[in-house]
Structures are given as structure tokens and as C-alpha cells.
Amino acid sequence: MVDKKSPVSKEDVLNPTTAAEKLTKNKAKDQKDELSEEDQKLVSELEMIVERLKEPSADIHHSALESLSNIIRSTTGSMTSVPKPLKYMKVHYETLTGLYASWSDEKNKKFLASILSLLGMAYDRESKRDCLKYRLLAGYENGAISEWGHEYVRHIAMEIGAEYGERVDEDSKDTPTDQLLKIALEVVPFFLKHNAEADAVDLLVELEHYELIVDYVSKDTFERVCLYMISCSPLLAPPADLGFLETARIIYRKFGKPSQCLPLSIRLGKPDMIKEDWESCSTRVEKAQLAFIMARQQVHMPELIEDDDELLACMNNSNLSKSYLNLARDLELLDPKTPEDIYKTHLENTNMDAALDSARHNLASTFVNAFVNAGYGTDKLMTANADGNEWIYKNKDLGMLSAAASLGMIMLWDVEVGLNQIDKYLYTDDNSIKSGAILAIGMLTSSVHDETDSAKALLADYITEESNPAIVKLAAISGIGMAYAGTNREDIVDILLPIISDTEITIDLSSIAALSAGLVCIGSGNSDVSTVILQAMMERMDSELNHKYARFMALGLALLYLGSQGTYDAILETLKAITHPISKQASVLIQVCAFAGSGNVLEIQKMLHMCAEHLGDKEDQLPQAFAVLGVGLIAMGESVGAEMTLRTFDHLMHYGEPYVRRSVPLAIALVCASNPLVGVLDTLNKFSHDNDKAVATSAIFAMGVVGAGTNNARLAQLLRQLAAYYHREADMLFVVRISQGMLHMGKGTMSVNPYHHDRSLLSHTALAGLLIPLVAMINAEKLIVTDSHFLLYYLVRAMYPRFLITFDEKLESVSASVRVGQAVDAVGQVGRPKTITGFQTHETPVLLAHSERAELATDKYIPLTNVLEGFVILKKNPDYQEEKDDN
């Protein structure tokens, strides 16, 4: 039993109050007991210096201050402990501050203020910011700021930010912030010199003057500063997000890096900046590299090129087909594949007899064949026979349209050869086949621009000719939208506007015309097109606006504002005048498209709030479905947001309305297009067995989008299991087959992810190509699974080879050694951190998966762009010396 009176009771020792009292009472005794002889000597020395500072003579003061300064500087301590002089000076801190107030000698006062500033860092109580206060009194010019080392400067920076925030909040003219900015501009060069670029930028952001960083960066620091600013951009609120990009662009321009300026100019959506970047190129080869980046992003500005056919070919993407086929030759992929090679029905554990040669089965095979052999120019169904009619006639009605149109995908990007193959079907009497051939022309020329403008020459007449049947017009309107997406050409818009506004024709033609006009003018906010679409919505009867195609009119309107982040308020106000539910659909679509890829948290919350509402049976549920898609659409550009969104979708699946639940897998597909993460595949596989057939259909299609062009073996197995599971349900099996085709798209060489250039650039046309089939899949039973399966061909706008092909300065293909590995985020890391991990070394051309990055493995060449992706031009390194062979 413990004696209550015992002074060494455990309870007493552990009691903080008692412990504090004991420490205070026995302070002197304990200090003597604890201090070593060396420490005791230091304490005595410090006490003597303080006593000398109390004397009236200014000369003594100066020598005493020098002694104190030398003691503080010369003392070394471990990284985890406070330097001993700072520890033992605490008792004298109040005395020194009093002395400062009483002295008159300015030189000594400044010296003492400098020491007090350091001590203030250690003893700052009640956030008085003594460290900053005395630094301002001591002076900070000519490198004085850094006299106490790095940690001290970091502390000063923290206090500058806090003080600035306080002064701004006070909103008083008596508290100017100029002096804080001046001292900050002394801190910034120190940070940049000592690998703390992130701290330098953060300090200027706190002072709302981040643009001043431009004056302080050097050729050694600008890359890291720009990388940090670009990475921070998605996390900032407007207008700082775009301000960061503009500042980074100015820095790149300052150091002559046009290939790094261009992606930022594209993200800012400013054609005049793109022109500036083009004109800042000192060599023709640099211009060629910019042309390749612009071609990938579908930014077509031929007016920049003067009498140079080779550069124009780069910008037109004219050599895309040739380069793609060269890649296929290197990878030995030229042999055409049949749908059965993809299905592998012998592995499906079904007791069915041989697959029935039904029209539905043949239609699925048409799409699978088109996806798998896309861009190769040969297949075993359409091009193997001399006329290809045999396969077309194995389909019925609109199936014949899709079969004929599949030629456009097989011949993708090869305009000359493709047109010859398609031409014979344009003169047939069967309108379905003719329509398919017309649609094929639009698909064939998507992503490439040919000088003859063949798509317009061939398709315009089919649209304007009154006597043409509706199906032919529909195909021509879709085709011209695919071909000229993102070009913003007035002549194409002039063809489409009369069809949108004509209330005499059916709503499906008007809606697809609005969609095509939206594609052509994507992200431009074209007021003429938006006015005509709004007028059409107002003039149409409610019964027409209930049509399954009417949603594409709303989507066409929304695409005009893709990525605009605002500027649509007037349109939303006008939509309120329309009483039909389509106004709500259009309103939601416009808002989600405007913030696509921005990661804007407030917009995501707004959409989630909409998803949480429980609507009545008679209310239109499409706006909710679009809101779910919108969550994925907004979050897809920012990795942390995308990850959180995937978690949020789980809640929506548990508690959401039927339309919300069927849209969740489609939203997941948007976030993870061509990026088959294991967790996402498991989630979608679970949803694909859902009791609600609409949810299962969406999930199966989403699996195809998530795995598109990856040949993922695990996903291929899951889809084979689903084919066996749903072998008695024709509609479900049809969607499974479509997904199998997408998985093996381009025999595993393509991607449908709209992000490229190291996942920093969002291709608007590719996003639209992905979004249109997903919007159609919300009501798959009315559209994709019945008669509107041709909408799947809009995916052609999102399809692009995921290759890296290198050229020399003469734009001839050259093989170079590259390392390909998982991308590592090296933002803000000190030194020269590795940007890839787990790499393998290959010779170009090579394929890059969604999360992979490439870097040159040789010093022989210098790339003209910092991102090795797509077409990259290499110039020979003048300093490179080949190793001499001893033999």
C-alpha cells in the first residue's frame, strides 16, 4: 500500500499540475543537477553576456552582441533538439526585449533585433510574431534574411503569410502590406536557391502576387517551379487556377520552350496564345513538333503554316494511318481477326448448340469486327470478299446500316483507300446500306483533315437534297458531325442550322443535327448555334420533345459550353421559359459539360445533391441520370477527386433511384476509360449481375469502356463468364459482345481515354465521342439495344492509338531506346527524382498504357518535347560521343 504522504507518489509525478510546481520550485537545484560541466560553462557565459548588455557603454554592447552571435552560430546540435544557446537564453528573452526598447544606438539596435528575431522564432508566445517583427526592425536587405539558416527563413515565411492574412482581413488603410511583400521578395530567391520552389510559390500565393515568381526563376529552377504550378492548378479556385497556368506559360516562354507552352495555351483555350507559341519557334522542326501536339488535340489552324506541305501534313494528321500500320507491322498485328477469335466460345461453359446465325448475333459480330480491326484496313467479314455484300445481307434493316458503316472504322484514318472501298455502296438502291456508307465516310475522316475536304464534298448534298429519305439524311448529318468535330467551321454549321430549326421534319433529324452542330463548335459557346437550338426546343411540341432522340438536342447545346466553366448563365435563364422537362435535362448537361475535367468540388456537390432527391413516378428522371454522369465528368481530370468519386458512387448504388443506379456504372466508365483498375473491374462485375437489367446492361457496357483497347486478360475472362451467364438473353448478350469488341479495340493498341500528353490535356472531341454513347446507354433498351446501335460509332472520335513513335529532324521514322514504366509523381521533390518506376527498356515504336510514362534511355538524342507520347521528334545530341569499340 502506498503511503499517501509519500512525496514520490506515482500519481503525483504523473499529475501535470504537480509536476509543473515541482519543476518551478526546484528549478535552480535541478538545473545544477542536470547540467553537465560544459553546459554550465555555456550558461555562465550567456549570463555574463547579458550582464554586459545591461551596461551603458555602446562599445561593450557591440562586442557582447558579436560574442552572443558567434556562440549561437558555432553551437552544433542534433536535428531533433533545440540548439543549447536558444534553450538557455529563454530566461533572458524578456530582459533583451526591454534592453532593445531602451537603447539609442541604431547599429547596435539592429544587431540586437536580428538576434531577438531568431529567439522570437523559438519563444513565440500567443502568436505575437516576434520573429517577423524584429526582422523588420533589423533590416532584411542584402541577404540579411538568410543569416540564421533555412529553418529560420521558413519560419519567417510562415509568419509573413499569417500577418498578411490578418492585415487584409482588417481591411484597414493603416496597415499597409507593401513591407511584407518586400521582405517576401527577399525570401523567394533564398527558397529557389535551396530547392524549396514549392515554398517560394506558396509564399507568393499567400501574398496574392504569384505572378512575381517569373522575375526570380533561373534556368536551373524554372522546370520545377512550372511543374509545381501546373500540378496545383486543378486544386485552386478560379481565377487562380488559370492564373497559375498563365504564369507557368510565361516562364516557359521566357526560357524558350514552345513545346511546353503549347499544352498550356490549349488548356487556357486561347488561339492567340497558340499563335504566339507557333511564332516563337526558332526552327521548322520545333514547328513540326507543335503541329503533332495540335493534331492530337484536334486544334486545326492551317492559317499558321505558309507554303509547307510537310508541316501541313503533320497538323492534318495525314500520316496517322501510315504510322499506325507501321506500328502494327512491328508488333506483328496485321493479320485480321474474326469475332470468334475474340469470343472464344469454346471457353464459355454453355450447353448451347453452335451459336445461331441470327441477325442480332451478326449485328454484334459487325461491331466486334469493326472495333477489333479498326484502322487496319483489312478484316475477314467486309473486305475479305470482293464486294463485302455477303456479310451486309446477313443483317436486317438498320443492322445493314451498321454493317456498311463498319467499313469506315476498319479503314479508319486512311482517307484515300477508304473512300475507294466505301464508294461502291453509295450507289446501291438499299437505303440502309447507302446510309451506312455515308456514315462510314464521316468516321473515316475523323481525326484527320484531308486537303480535298472530301467529307463535306460527299455528305453535304445528302443533307440538303429534299428528296433523300430520312435515314440517309440522318446518317449524313451524323457523319458530317463526326468528320468536322472541333473544327468550328462556319460552312458546316450553315448546312446544319436549317435542319435544327425546321419544325416540319422529324425530331430525330433535328436532334442529331443539333448534336452534330454541338460537335463542330464544341467548347466555343457559339451564340448562333445555341440560339437556333433553344428556338427549336421552344417551337417543338411536347409530344416531340418526349422522343428518345430529344436528349441529343440538349447534349448538342451542352457541348457548345464544354470546358467553358461559366458563360452559360443567359442560356440557363432562357431554358427556364421552356415548360417541358427537356429544359431541366439541358440545364444539367450544360452545367456538367462546362466544368468537365475541372475537378470543381462545389459543382460535384451540386450534382450529388440532385442525385439524392427522391422523385415521383411521373417526374422526369433523366436530369438525375445526367447529374450522375456529371459527377464522373467533372472529377475525371483530378486524381484525388476521381478516387473519392468512385467511393461516392457506392453510396448512390445503395440509396439511389433506379435511373441513378443505372447511370453509376456509366459514370465509373467515364472516370476510368481505358484504365482497368482491379477494384473498378470487381465493382462493375458485381453490378453486371444486378437484379435490375438496366443496371446490369450499363455495367457490362462500362466494363468494355474501362478496358477499351487494353486486351486485359482478367476482364476478357469476366466477359466470357457473362456471355455464358446471359446466353439466353439476346439483349444482354449483345451488350456483352460489344464490350468484348471494345476490350480488344485495335487488337489492343488503342485508347478511348480523352486525356493525353501525360494526362494533362483533355481532348474535347474525344470526350464528346465517349459521352454520346454513354448518354444513349442510360436508356439502352430504347436506343443502343434496339435500332440506334449506330450511335456506338461515335466512339470513333475517342479512339486513338496509344503509341510512342519517334522521328528524326527530317521527319523520318527513327528507332530509339526508351524506358517505359509506371508514372511517378515527382512534383515538389528535392533533387532529380525518378519519374518512372518498374520500367522496361524497349526500342520505339512502343505502346503506352494509361498510367505509364516513357523517357529516353540514351543520350544520343534530345526530344523536342518533355512528354514522350504520340509523335515525338528527336534531334541529335551534339555533345554525344559513341563509345569506341575496342575491336
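1. Two strands are taken to pair if DSSP finds at least two bridges between them. Helices (H or I, at least four residues) and strands (E, at least two) are DSSP runs, numbered from the N terminus. In strand E8, Leu-847 is the bridge partner of Phe-803. Two bridges join E5 to E8, and these strands run antiparallel.

2. This is a predicted model, in which local features need pLDDT of at least 70 and side-chain atom pairs count only at pLDDT 80 or more, while totals for chains, interfaces and linings use all residues. Residues are numbered from 1 along each chain as its sequence is written, and side-chain values use heavy atoms, with hydrogens and water left out.

3. On confidence: pLDDT is the predictor's confidence in each residue, from 0 to 100. The protein chain has a mean pLDDT of 83, with 91% of its residues at 70 or more. Two stretches need care. Over residues 27-32 pLDDT stays under 50, and the model has two contacts for them beyond four places in sequence. Over residues 352-356 pLDDT also stays under 50, with three such contacts. Where pLDDT is low, the predicted coordinates should not be read in detail.

4. On the overall build: the protein chain has 43 helices and 11 strands. Its C-alpha trace spans about 115 × 80 × 60 Å along the principal axes. Of its 887 residues, 55% count as buried, where buried means under 20% relative accessible area, exposed over 50%, and partly exposed in between (1.4 Å probe, protein chains only). Contact means heavy atoms within 4.5 Å. Of the contacts with a separation of 6 or more, 71% come from residues 24 or more positions apart.

5. The four-stranded sheet is open, with the order E8-E5-E11-E10 and mixed pairing. E8 and strand E10 (861-863) stand at the edges with a single partner strand each, so one side of each has no neighbour in the sheet. Helix H17 (residues 284-297) lies across E5 and E11, at about 165 degrees to E11. Helix H19 lies across E5, E8 and E11, at about 105 degrees to E5. For these angles, axes are lines fitted to C-alpha atoms, for helices over the stretch in contact, and the angles run from 0 to 180 degrees between N-to-C directions.

6. Helix H19 covers residues 320-330, and its buried residues are Leu-320, Ser-321, Ser-323, Tyr-324, Leu-325, Leu-327 and Ala-328. The cover over them includes strands E1 (750-751), E4 (800-801), E5 (803-807), E8 (846-847) and E11 (870-876). Just after H19, Glu-332 takes a positive phi of about 55 degrees.

7. A further open sheet has three strands in the order E7-E6-E9, with antiparallel pairing. Its edge strands are E7 (836-843) and E9 (852-856), each pairing on one side only. The twist averages 30 degrees from one strand to the next. Six bridges pair strand E6 (residues 817-823) with E7 in the antiparallel sense, and Gln-822 stands opposite Thr-837 in E7.

8. On the interior: a nonpolar core is a set of buried Ala, Val, Leu, Ile, Met, Phe, Trp, Tyr and Cys residues joined through side-chain atoms within 4.5 Å. The largest has 231 residues, of which Met-537, Phe-552, Leu-557, Leu-575, Phe-701 and Tyr-793 touch the most other members. Apart from it lies another core, of 78 residues, including Ala-64, Ile-145, Ile-183 and Ala-248. Leaving aside neighbours within four places in sequence, Leu-575 is in contact with Leu-534, Met-537, Leu-557, Ser-583, Ala-586, Ser-587 and Ile-590.

9. Helix H34 is mostly covered, with 12 of its 13 residues buried. Among the buried ones are Ser-583, Ala-586, Ser-587 and Ile-590. The expected span of a helix is 1.5 Å times one less than its number of residues. For H34 (residues 582-594) this gives 18 Å, which agrees with the 18 Å between its end C-alpha atoms.

10. Val-660 belongs to helix H38 (residues 658-671). Val-660 is buried, with a relative accessible area of 0%. Not counting residues up to four places away in sequence, Val-660 touches Cys-611, Gln-624, Val-628 and Leu-652. Leu-245 is 415 residues away from Val-660 along the chain, and their C-alpha atoms are separated by 36 Å.
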